[in-house]
Amino acid sequence: MGKDVIIACDFSSKEETLAFLDIFQGRKPYVKIGMELFYAAGPDIVREIKQRGHKIFLDLKLHDIPNTVKKAMSVLSHLDVDMTNLHAAGTVRMMEAAIEGLTRPDGTRPLLIAVTQLTSTDQESMERDLWIEKPIDQVVMHYAENAKRAGLDGVVCSPLEAGKVHAACGAQFITVTPGVRFADGDVGDQKRVMTPAAAKEIGSDYIVVGRPVTQAEDPVAAYERCVREFVD
Ligand code: C5P
């Protein structure tokens, strides 16, 4: 499994995003495009970044009836992204339909990973709003196992959960972990954070890093520091 650093391009326009990527010159970091940018700039932003030679994780977190997700995934497969995702809460059947839709006629497909419980959901809100009364760490593991059963490639999770996910779902099951901060950096609104080096130690396959790179005085140096700590 090739470890990599994914930069969360949480910008609100195409211009801002491309100007940010321009400063990397020869380097082509793996980038995450989320809902804000995708809804603002449309599929063209994906095509343009792909054409520049970057790998793309399209973070749209699909969750709908199986047929709708299958058809939407089929559209995304033509965008030629490298990784995309959905909510495991949509059920195993929805996840199986997603795989079907995502698989191109030649049998290839982007990696598909699942969101288990959002990190903004805690035990209290899960019980109060969703009426799920099991311990949240068990819910996360159960959803990860469902994703594996449906044939998905992995999950998005906290770096603190990556070890447990690998223990339950196997070393090949990918863990993509946000919530990464440098030891001497700002935590911001993230609550449970880990350094790139610690995320490597614990077995994350990909780290997703946003503000520590995008808001750095020297984003290229910050990105290279992540690569040095996490990949090299
Ligand atoms: O700026 P920061 O490094 O906190 O960005 C992390 C990125 O990962 C953001 O795009 C955020 O939406 C995403 N993310 C997260 N926690 C999750 C899932 C996604 O921080 N559980």
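## Salt bridges

In this predicted model, the count of salt bridges comes to 15. One of them joins Lys14 to Glu48, with the closest N and O atoms 3.3 Å apart. Lys14 lies in helix H1 (residues 14–22) and Glu48 in helix H3 (residues 43–51), so this pair ties together parts that are 34 residues apart in sequence. Lys14 is partly exposed at 28% relative accessible area, and Glu48 is partly exposed at 27%.

Arg109 and Asp153 also form a salt bridge, at 2.7 Å from N to O. Because Arg109 lies in the loop between H5 and S5 and Asp153 in the loop between helix H7 (136–149) and S6, the pair ties together parts that are 44 residues apart in sequence. Asp153 counts as buried, at 17% relative accessibility, whereas Arg109 is partly exposed at 27%. A network of salt bridges links Lys32, Asp59 and Lys61.

## Strand S5 and its partners

Strand S5 (residues 111–115) is largely enclosed by the rest of the structure, because four of its five residues are buried. S5 runs parallel to strand S4 (residues 83–87), to which five bridges join it; Met83 stands opposite Leu111. Between S4 and S5 the chain passes through helix H5 (residues 92–102), in a right-handed β-α-β crossover.

Three bridges join S5 to strand S6 (residues 154–156), also in parallel, and Ile113 has Gly154 as its bridge partner there.

## Nonpolar cores

The largest nonpolar core has 61 residues, and Leu86 and Met95 have the most contacts inside it. A second, separate core of twelve residues includes Ile113, Val156, Tyr206 and Val208. Beyond its neighbours within four places in sequence, Leu86 is in contact with residues including Met95, Leu112 and Ile113.

How values were computed. Residues are numbered from 1 along each chain as its sequence is written. This is a predicted model: local features need pLDDT of at least 70, side-chain atom pairs count only at pLDDT 80 or more; totals for chains, interfaces and linings use all residues. Side-chain values use heavy atoms; hydrogens and water are left out. Buried means under 20% relative accessible area, exposed over 50%, partly exposed in between (1.4 Å probe, protein chains only). Helices (H or I, at least four residues) and strands (E, at least two) are DSSP runs, numbered from the N terminus. Two strands pair if DSSP finds at least two bridges between them. A crossover is right-handed if, with the strands pointing away from the viewer, the path from the first strand over the helix to the second runs clockwise. A nonpolar core is a set of buried Ala, Val, Leu, Ile, Met, Phe, Trp, Tyr and Cys residues joined through side-chain atoms within 4.5 Å. Contact means heavy atoms within 4.5 Å. A salt bridge is a side-chain nitrogen of Lys or Arg within 4 Å of a carboxyl oxygen of Asp or Glu.
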